[in-house]
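Here is a short report for a reader who is meeting this structure for the first time. Look over the sequence and the model, then read on.

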Amino acid sequence: MSEPMFSLKGKNALVTGAGRGMGLGVARALARQGARVAVNDFYPDRAEAAAEQLRSEGFDAIGVAADITDPAQLKQMVARVDEAFGSLDIFVANAGVPVDGMGYGKFIDSDPAQWQQFLDLNLTALMHGAQAVLPGMLDRGWGRIICITSESWRAGVPMGIAAYAASKAGAVGFIRQLASETGRQGITVNGLSLGTMNNWDGSERIAAKSCMVPRAGSPEDVGAGVAYLASTEASWVTGQIHPLNGGSLTA
């Protein structure tokens with residue numbers, strides 16, 4: 001009997017920033033499709049608690065704590081996952097600096113130290129992570145690299161997030177260029193670009209006004225999008241930035 005569509009049985013995944021929220025939703029979605037999942041978080045207790053929650057639901061999961069802005073820790077984490085699972089097939093770069101409600105304030109008043117924080121977590125960690133997982137994927141001739149990014153790169157909005165958006169735009173450029181290097185080796189690289197999500201106060205009110213589907217996005221929405229991009233059925237999809245925004249910013 002053949003496997004159902006979008007099955008990830010036999011695949012192994014690592015999701016960064018998956019101790020809670022959107023990242024945990026992604027990890028759960030991949031696990032539901034049959035993947036073994038490594039749950040990363042900066043805090044060891046949160047990583048292990050999330051993994052234990054997934055195990056209690058009948059899924060195969062481990063917790064792996066690391067500061068992904070530290071290249072050495074990131075490489076060590078990838079090696080641990082590879083050793084525990086035997087291979088690493090799917091890398092989801094979810095961890096990032098979240099927008100706090102409606103933004104950070106005007107750029108002219110922003111702190112360059114915060115710019116660097118955005119770049120370190122939203123862009124550079126993605127690059128180091130991809131470099132760490134690629135050798136194994138290239139050896140096997142199969143892999144999925146998926147970045148959770150933001151619609152802030154696509155259009156200017158009066159939210160005070162210029163530096164944040166710059167880091168996300170950098171991730172978009174990296175995704176597209178890396179895809180051009182790996183597509184012929186069986187490795188796809190894509191982004192899932194999130195609109196208004198339900199992880200901050202006031203999001204539902206904003207989404208009701210701006211989205212064709214009048215609600216904010218959920219961890220389940222993000223998980224479903226990632227599960228598709230991670231699947232074998234999505235093998236002809238690479239170098240793409242898929243909007244997940246409820247129908248806003250459609251121009």
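Helices (H or I, at least four residues) and strands (E, at least two) are DSSP runs, numbered from the N terminus. The expected span of a helix is 1.5 Å times one less than its number of residues.

## Ground rules

This is a predicted model, in which local features need pLDDT of at least 70 and side-chain atom pairs count only at pLDDT 80 or more, while totals for chains, interfaces and linings use all residues. Residues are numbered from 1 along each chain as its sequence is written, and side-chain values use heavy atoms, with hydrogens and water left out.

## Helix H3

Helix H3 covers residues 71-85. Its 15 residues should span 21 Å at 1.5 Å a residue, and the end C-alpha atoms are 21 Å apart, which agrees. Leu74, Met77, Val78, Val81 and Phe85 are the buried residues of H3; buried means under 20% relative accessible area, exposed over 50%, partly exposed in between (1.4 Å probe, protein chains only). Seen down the axis of H3, these buried residues fall within an arc of 100°, so they line one face of the helix. The arc is that of the directions from the helix axis to the C-beta atoms. An α-helix has 3.6 residues a turn, so residues three or four places apart point the same way.

What do the buried residues of H3 pack against? Their partners are strands E1 (12-15), E2 (36-41) and E3 (61-65), plus helix H4 (112-140). Contact here means heavy atoms within 4.5 Å. At the start of H3, a side-chain oxygen of aspartate 70 comes to within 2.9 Å of the backbone nitrogen of alanine 72. Just after H3, glycine 86 has a positive phi of about 95°.

## Serine 87

Serine 87 sits in the loop between H3 and E4. It counts as buried because its relative accessibility is 11%. Leaving out residues up to four places away in sequence, serine 87 touches Asn12, Val81, Asp82 and Arg140.

The side chain of serine 87 makes a polar contact with the side chain of asparagine 12, at 3.0 Å. A polar contact is a pair of N or O atoms within 3.5 Å; within protein, one must be able to donate a hydrogen and the other to accept it, and residues adjacent in sequence count only if both atoms are side-chain atoms.

## Helix H5

Helix H5 runs over residues 162-182. At 1.5 Å a residue, its 21 residues should span 30 Å; the end C-alpha atoms are 31 Å apart, which agrees. Its buried residues include Ala163, Tyr164, Phe174 and Ile175. The buried residues of H5 pack against H4 and strands E5 (143-150), E6 (187-194) and E7 (241-244).

## The cavity

The structure holds one cavity of 30 Å³ or more. On a 1 Å grid over the protein atoms alone, a cavity is a set of points where a 1.4 Å probe fits but cannot get out, and a pocket is an open set with protein on both sides within 12 Å along at least five of seven lines; lining residues have an atom within 4 Å of a point. The largest cavity has a volume of about 90 Å³. Of its 16 lining residues, Ala93, Ala95, Leu121, Asn122 and Leu126 are the closest to its centre. Grid points are joined across faces, edges and corners, and a volume is the space filled by probe spheres set on the points.

Which element gives the largest share of the lining of the largest cavity? H4 does, with four residues.
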